[in-house]
Amino acid sequence: PGIDVMSVRLWLDGTVATRSPSNVLAGFGGLRGAGGTYFLLDQLQDDAAALWGGEAPRGSVVAADLYGAGALLSLSDEEIVRLLAEELLPR
């Protein structure tokens, strides 16, 4: 048996202001039993322009890895983006 994993990267139009540019995702109903981690790559890497393909950065770049994600695999891309952007990321 294996573990279902979902890896997501989002390029946002705005910056996510937080004291913790990386953290654990757990205990959120929208995760449907999954857990994971997120990383605000623009705040952890020195070369933010590289995250945007050499262009000027326009906002935060989020990497999220969700484990035990079997119940999330049926979600559409739009539903996954909404879940991460509206329910899970710090505001």
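Which side chain of opposite charge is nearest to Asp42, and how many Å away is it? In this predicted model, the answer is Arg9, at 10 Å. Asp42 is buried and takes part in no salt bridge.

Asp42 sits in helix α1, which covers residues 41–44. A polar atom of the Asp42 side chain lies 3.1 Å from the backbone nitrogen of Val61.

Salt bridges do occur elsewhere: the whole structure has 3 of them. One joins the side chains of Arg58 and Glu55, with N and O 2.9 Å apart. Arg58 is partly exposed, at 47% relative accessibility, and Glu55 is partly exposed as well, at 45%.

Arg82, Glu86 and Glu87 form a network of salt bridges. Between Arg82 and Glu87, the closest N and O atoms are 2.9 Å apart. Between Arg82 and Glu86, the N to O distance is 4.0 Å. Glu86 and Arg82 are 4 residues apart in helix α3 (residues 77–88), so about one helical turn separates them.

Ile3 belongs to the segment before β1 (5–11). Ile3 is exposed, with a relative accessible area of 66%, whereas Asp42 is buried.

Key. Residues numbered from 1 in each chain as written. Predicted model: local features only at pLDDT ≥ 70, side-chain atom pairs only at ≥ 80, totals over all residues. Heavy atoms only, no water. Helix = DSSP H or I, 4+ residues; strand = E, 2+ residues; numbered from the N terminus. Buried < 20%, exposed > 50% of the residue type's maximum accessible area, 1.4 Å probe, protein only. Lys, Arg positive; Asp, Glu negative; His and termini not counted. Polar contact = N/O pair within 3.5 Å; in protein donor to acceptor, adjacent residues only side chain to side chain.
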